[in-house]
Amino acid sequence: MLQPLRILFRPKWMVSRSSGSYVSRMRHLNKIKEEDEACRAALQSGNIFLYHKLAPLLRRTDSGIYQLPALQTKDVEEILEKLGEDKEMVKESILINCTEQNEAQFSFDVGAIEQAAVEELCRGTFVDLRKAFFLLRGSEAPLVARGQALLRWHQTNGFCSSTGQPTQRNQSGSQRVCHSSGITYYPKMSPVVIVLLSDGKRCLLGRQSTFPRGMYSALAGFCDIGETMEEALRREIAEEVGLEVSVDKVELEDARWFSLEEVQEALTIKAPPRNNKGEPTVFWVPPSYAIANRLIQEWANQQHLKS
């Protein structure tokens, strides 16, 4: 019998009226978001993360660690010129964020250029985003995901849904406008719920066919319009695993119950394991910066306290 849904952890917030560095940074970020001239100036002194057809560029260090290279605008312009492209293309970069030092960060997709040529000049490799999550450090993964999401939004919102006319972006890419209808479009996100089910002694994890081999995660899905969090969780659980824990093969490749011992061992694995042919698949879970990992870790901690 499944226990009632409970919140495993709650974030702790501390409110401060201080006009410190964070407030200054957010005001600076808002300025370059809204003012085209300020954004152009920020681009000239900022950093750019390159993508090729939405796959981010990663660079492997001598120690085998993958990093997200932040290229200066002038370097990207030189690369474009060496490949016979117009360096003005760099102005198509999309603002992502700014660092604590108020350096603007942009994403730029060079999907129209030959991939191998860009990789050679940048001394890196374009990697699928799902794989990149497991190669990058925790602080870089959300940044590269945000950059891709904004690039994807611009690629799929080039026309007004009311008039069919082209939309025009501002310099930062924080909005697109249809001058025929006057409608302003802003990047949107789709709310997602994620849940870890437990029968008291075990937790239920699932995997999609696109997951790396051996990786299982907490169950997640998109919210429908007007749903509460509880309603979305109940529906997703019913759709994906059912009351009899039967798996919907369209959404999940597999789902099963894992004991505390299995989960604790999986949590010790910090990198995707090498599953050689003929050997049993190693069970592991998403990396430490993933919400699913936090849920699984909290469950394991609670189970340990009970024992």
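Mentor: Begin with a cut-off: a residue is called buried when its relative accessible area is under 20%, and exposed when that area is over 50%. L205 has a relative accessible area of 0%, so L205 is buried. Keep in mind that the model is a predicted one.

Trainee: Where does L205 lie, and what does L205 touch?

Mentor: L205 lies in strand β13, residues 202-207. Leaving aside residues up to four places away in sequence, its contacts include L196, Y216, A218, F258, V285 and I296. L205 and L80 are 125 residues apart along the chain, and their C-alpha atoms are separated by 45 Å.

Trainee: How many helices and strands are there in the protein?

Mentor: The protein has nine helices and 15 strands. Its C-alpha trace spans about 60 × 45 × 45 Å along the principal axes. Of the 307 residues, 42% are buried. Among contacts with a separation of 6 or more, 62% are between residues 24 or more positions apart.

Trainee: How do I read a nonpolar core?

Mentor: The general idea first: in soluble globular proteins, nonpolar side chains tend to be buried together. Here the largest nonpolar core has 26 residues, and I48, L50, V76 and F108 have the most contacts inside it. At least two residues of this core come from each of α1, α2, β1 (47-52), β2 (55-60), α3 (73-82), β5 (94-98), β6 (104-109) and α4 (115-122). Helix α2 gives the most, with four residues. A second, separate core has 17 residues, including L196, A218, L295 and I296.

Trainee: Which residues does F108 touch?

Mentor: Among them are I48, L50, V76, L80, M89 and L151, with residues up to four places away in sequence not counted.

Trainee: How do I read the packing of two helices?

Mentor: Two packed helices are described by the angle between their axes and the distance between the axes. Take helix α1 (residues 21-34) and helix α2 (residues 36-45): their axes come within 5 Å and cross at roughly 110 degrees. The two helices are therefore roughly perpendicular to each other.

Trainee: Which residues of α1 and α2 meet?

Mentor: K31, I32 and E34 in α1 meet D36, A38, C39 and A42 in α2. Four residues of this contact are nonpolar, three are charged and none is polar.

Trainee: How do I find the buried side of a helix?

Mentor: An α-helix has 3.6 residues a turn, so residues three or four places apart point the same way. In α2, the buried residues are A38, C39, A42 and L43. These cover an arc of only 140 degrees around the axis, which puts them on the same side of α2. E37 and S45, on the other side of α2, are exposed. The cover over the buried residues of α2 includes α1, β1, α3 and β6.

Trainee: Which residues of α3 are buried, and what covers them?

Mentor: T73, V76, E77, I79 and L80 are the buried residues of α3. Their arc around the axis is only 160 degrees, which puts them on the same side of α3. Their cover includes α2, β1, β4 (71-72), β6 and α4. The face turned away from the buried side of α3 carries the exposed residues K74 and K82. After α3 comes G84, with a positive phi near 75 degrees.

Trainee: How do I read a positive phi?

Mentor: Most residues other than glycine have a negative phi. L54 is not a glycine, yet its phi is positive, about 75 degrees. L54 is in the loop between β1 and β2, and at 11% relative accessibility L54 counts as buried. N102, also not a glycine, has a positive phi of about 65 degrees. N102 is in the loop between β5 and β6, and its 32% relative accessibility makes N102 partly exposed.

Technical notes. Residues numbered from 1 in each chain as written. Predicted model: local features only at pLDDT ≥ 70, side-chain atom pairs only at ≥ 80, totals over all residues. Heavy atoms only, no water. Axes fitted to C-alpha atoms, helices over the stretch in contact; angles between N-to-C directions. Parallel < 35°, antiparallel > 145°, perpendicular 65-115°, else oblique. Contact = heavy atoms within 4.5 Å. Nonpolar A, V, L, I, M, F, W, Y, C, P; charged D, E, K, R; others polar. Core = buried A, V, L, I, M, F, W, Y, C linked by side-chain atoms within 4.5 Å. Buried < 20%, exposed > 50% of the residue type's maximum accessible area, 1.4 Å probe, protein only. Arc of directions from axis to C-beta.
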